[in-house]
Amino acid sequence: MNSILLTHEKLDIAKIERSVTDSGTGATSIFIGTTRDHFHNRKVKKLSYEAYESMAVKEIEKLCSDTRKMWNIINIAVHHRLGDVPVKEVSVVIAASSAHRKESLAAINYLIDNLKAKVPIWKKEIYEDGYSEWKANCDCNWMPKNHK
């Protein structure tokens, strides 16, 4: 089972964990991405996310399929928050379950790295001084190489 969600609502980590764990799983691995309060000596107030939603969902579905080709994964959840995400709040949760920990841990690393590289979700950092800027993800493989 794959659970893919793009939402403006707060993410419920416990609910996501329950959605991927079942009687056949011996391991559930979870990555939780949160908004930190600083970036390059600037005080961050919040992040704001936007997505090309239909394409983002298709790309995440492809990542789930690719993950299942590499590891014996039972369930996968990829939930990403859109809109404003204040400091210390959760912006992304990726969970995977498997019979053994090595597979679910490897799947989580693969999923977060490739989510950042391939999925059209954009992040704007909003600083306490009122300044804001869109951040180019250094892992992104669809941005022009000279884009900063």
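Let's start with one contact. The side chains of histidine 79 and serine 3 are joined by a polar contact of 2.8 Å. Keep in mind that this is a predicted model.

Where does histidine 79 sit? Its place is in strand S5. Is histidine 79 buried or exposed? Its relative accessible area is 9%, and buried means under 20%, so histidine 79 is buried. Now its surroundings. Leaving out residues up to four places away in sequence, histidine 79 touches Ser3, Leu5, Leu11, Ile16, Ser91, Val92 and Val93.

Pick Ser91 from that list. Serine 91 lies in strand S7, which runs over residues 90-98. Serine 91 has 4% relative accessibility, so this residue counts as buried too. What does serine 91 touch? Residues up to four places away are again not counted. The contacts are Leu11, Gly33, Thr34, Tyr49, His79, His80, Arg81 and Val85.

Next, a helix. Helix H2 covers residues 53-70, which is 18 residues. How far apart should its ends be? At 1.5 Å a residue, the helix should span 26 Å. The C-alpha atoms at its ends are 26 Å apart, so expectation and model agree.

Which residues of H2 are buried? They are Ala56, Ile60, Leu63, Cys64, Asp66 and Thr67. Look down the helix axis. The buried residues of H2 fall within an arc of 165 degrees, so they line one face of the helix. Turn to the other side of H2, and you find Lys58 and Lys69 exposed. What covers the buried residues? The cover includes strand S1 (2-7), strand S5 (73-81), helix H3 (101-118) and strand S8 (121-127).

On to charges. Side chains of opposite charge can pair when their charged atoms come close. How many salt bridges does the structure hold? It holds seven. Let me walk through some of them.

Take aspartate 129 and arginine 42. They form a salt bridge, with the closest N and O atoms 2.8 Å apart. This pair links distant parts of the chain, 87 residues apart. Aspartate 129 is in the loop between S8 and strand S9 (132-135), while arginine 42 is in strand S4 (residues 42-51). How open are the two partners? Aspartate 129 is exposed, at a relative accessible area of 58%. Arginine 42 is partly exposed, at 26%.

Now lysine 46 and aspartate 84. Their side chains meet in a salt bridge of 3.0 Å, N to O. Lysine 46 lies in strand S4 and aspartate 84 in strand S6 (residues 83-86), so this pair ties together parts that are 38 residues apart in sequence. Lysine 46 is partly exposed, with a relative accessible area of 22%. Aspartate 84 is partly exposed as well, at 37%.

Lysine 135 and glutamate 133 make another salt bridge, at 3.5 Å from N to O. Lysine 135 is partly exposed, at 22%, and glutamate 133 is partly exposed, at 24%. Then there is a network: Lys10, Arg81 and Glu89 are linked by salt bridges.

Last topic: the record. Which residues does the UniProt annotation "binding site" cover? The entry is unreviewed, and the annotation covers His100, Arg101, Lys116, Lys123, Lys124 and Glu125. These residues are spread over 26 residues of sequence, and they are also spread in space, up to 37.4 Å between C-alpha atoms.

Look at two of them. Lysine 116 has its place in helix H3. With a relative accessible area of 38%, lysine 116 is partly exposed. Glutamate 125 is found in strand S8. Is glutamate 125 buried or exposed? Its relative accessible area is 3%, so glutamate 125 is buried.

What surrounds glutamate 125? Its side chain makes a polar contact of 2.7 Å with the side chain of tyrosine 127. Leaving aside neighbours within four places in sequence, glutamate 125 is in contact with Phe39, Val44, Lys46, Leu47, Tyr131, Ser132, Glu133 and Lys135. Lys46 pairs with aspartate 84, and Glu133 pairs with Lys135.

Conventions: Residues are numbered from 1 along each chain as its sequence is written. This is a predicted model: local features need pLDDT of at least 70, side-chain atom pairs count only at pLDDT 80 or more; totals for chains, interfaces and linings use all residues. Side-chain values use heavy atoms; hydrogens and water are left out. Helices (H or I, at least four residues) and strands (E, at least two) are DSSP runs, numbered from the N terminus. The expected span of a helix is 1.5 Å times one less than its number of residues. Buried means under 20% relative accessible area, exposed over 50%, partly exposed in between (1.4 Å probe, protein chains only). The arc is that of the directions from the helix axis to the C-beta atoms. Contact means heavy atoms within 4.5 Å. UniProt positions are given in the numbering used here, feature names are shortened, and annotations may be inferred rather than shown by experiment. A polar contact is a pair of N or O atoms within 3.5 Å; within protein, one must be able to donate a hydrogen and the other to accept it, and residues adjacent in sequence count only if both atoms are side-chain atoms. A salt bridge is a side-chain nitrogen of Lys or Arg within 4 Å of a carboxyl oxygen of Asp or Glu.
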